[in-house]
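Visitor: I'm new to reading protein structures. Could you pick one part of this one and take me through it slowly?

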Amino acid sequence: MAMAMACLNPLALSPRQAYGGRAAPRRCCSVVVPTSSARAAAGRCRWRLAAVAEEPQAVRQQEQQQRTEGSGEAGAEAAADASSKLVLVVGGTGGVGQLVVASLLSRNIKTRLLLRDPAKAVTLFGEQDESVFQAYKADTRNAAELDPEIFEGVTHVICTTGTTAFPSKRWDGDNTPERVDWDGTRNLVSAMPRTIKRLVLVSSIGVTKYNELPWSIMNLFGVLKYKKMAEDFVQNSGIPFTIIRPGRLTDGPYTSYDLNTLLQATAGERRAVVMGEGDKLVGEASRLVVAEACIQALDIEFTEGQIYEINSVKGEGPGSDPEKWKELFRAVQ
Ligand SMILES: NC(=O)c1ccc[n+]([C@@H]2O[C@H](COP(=O)([O-])OP(=O)(O)OC[C@H]3O[C@@H](n4cnc5c(N)ncnc54)[C@H](OP(=O)(O)O)[C@@H]3O)[C@@H](O)[C@H]2O)c1
């Protein structure tokens, strides 16, 4: 039994084995340092990230944005608050998720990732101190993997998981909208301790009208229906929540196999934000804006229990200025 466990346990693997028999990427090979724990023996693990990886674009973009748009006083307040939070990001290797993580890290907010492949965390986010950044391996479709240890000390959760609306390679292994958007989100919410101060869930516009054209086309494989089911589950969970419904996502990192990916669309001059209540907006939303909305919502009390739809339009944006975001969220109400 002990031997079988050792084989399953990634902590027991050499760097080469951990990368499936391939040589580990050079910049990571000596630096994914698993920390052993009792739970690790059951196949769950915590990975310490100490890679000297190239600074990912997401981090550079965020830092640039914050340098140019961050506000002094609000920045100081945010810094004071930063140390008291531990934000669990689920979907942190995805488009919006990467930007969320990069942005949290650049604000010195303690961040924990829940992800299927911890090696991706090293590649994407590079060298990080374990006291501010940890990664836990889990697949949200599998409730048994959502160990309480993952949530220990977590104060806030941002969930940006998703898969493609139509069959693609990302459905491999049954990673379909039903399994990710419904089963996965339901499992995640069910596993969360009731002490979580806020869960921000990224959903989508169109979820309330998936039977109507043109949304019914997008919903051919159920993505909007399952996202709505997940929203309802969150709303009834008793956990303080904020739901963000973005329009079609634009801007990198380009992780989706969709039209946007092919066109490599960018928000360009569309840095301004339009927010609404309900499900009326039709349009695009920059991933940068969606990521920022998730982070800002954590700190704005009156966003609790609310659902916001969000689009990007031409004009100057709120950047990361908390006061401007407060105004945007408040205007909706
Ligand atoms: N694309 C659009 O136009 C659009 C429009 C409106 C709303 N949305 C929604 O907005 C959100 C963010 O979109 P995005 O395009 O930025 O995301 P994305 O790049 O598709 O990233 C999805 C994330 O979910 C993770 N994930 C998938 N299956 C998982 C599983 N079984 N267990 C744990 N993690 C899993 C992926 O991790 P891996 O690295 O392991 O795959 C990845 O980190 C999604 O909910 C999406 O549906 C998208």
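Guide: Let's begin with Trp182, which counts as buried at 16% relative accessibility. Here is what that word means: buried is under 20% relative accessible area, exposed is over 50%, and partly exposed lies in between, using a 1.4 Å probe and protein chains only. Before we go on, please note that this is a predicted model, where local features need pLDDT of at least 70 and side-chain atom pairs count only at pLDDT 80 or more, while totals for chains, interfaces and linings use all residues. Residues are numbered from 1 along each chain as its sequence is written, and side-chain values use heavy atoms, leaving out hydrogens and water.

Now to the ring partners. Searching the whole structure turns up six aromatic pairs. For a pair, rings of Phe, Tyr or Trp (its six-membered ring) need centres within 6.5 Å; planes under 30 degrees apart are called stacked, over 60 edge-to-face, and the rest tilted. One of these pairs joins Phe166 and Phe221: their ring centres are 6.0 Å apart and the planes meet at 85°, so the pair is edge-to-face. Phe166 sits in the loop between β6 (156-159) and α8 (177-191), and Phe221 in the loop between α9 (215-218) and α10, so the pair ties together parts that are 55 residues apart in sequence. As for those labels, helices (H or I, at least four residues) and strands (E, at least two) are DSSP runs, numbered from the N terminus. Phe166 is partly exposed, at 34% relative accessible area, and Phe221 is partly exposed too, at 39%.

Back to where we started: the rings of Trp182 and Phe233 have centres 5.9 Å apart and planes at 80°, so this pair is edge-to-face. Because Trp182 is in helix α8 and Phe233 in helix α10, the pair ties together parts that are 51 residues apart in sequence. While Trp182 is buried, Phe233 counts as partly exposed, at 28% relative accessibility. Ring pairs also link Phe166, Trp171 and Phe221 into a cluster.

Let's finish in helix α10, which spans residues 223-235 and holds Asp232. Asp232 is partly exposed, with a relative accessible area of 29%. Its side chain makes a polar contact with the side chain of Lys228, at 2.7 Å. A polar contact is a pair of N or O atoms within 3.5 Å; within protein, one must be able to donate a hydrogen and the other to accept it, and residues adjacent in sequence count only if both atoms are side-chain atoms. Finally, the C-alpha atoms of Asp232 and Arg186 are separated by 9.8 Å, though these residues are 46 apart along the chain.
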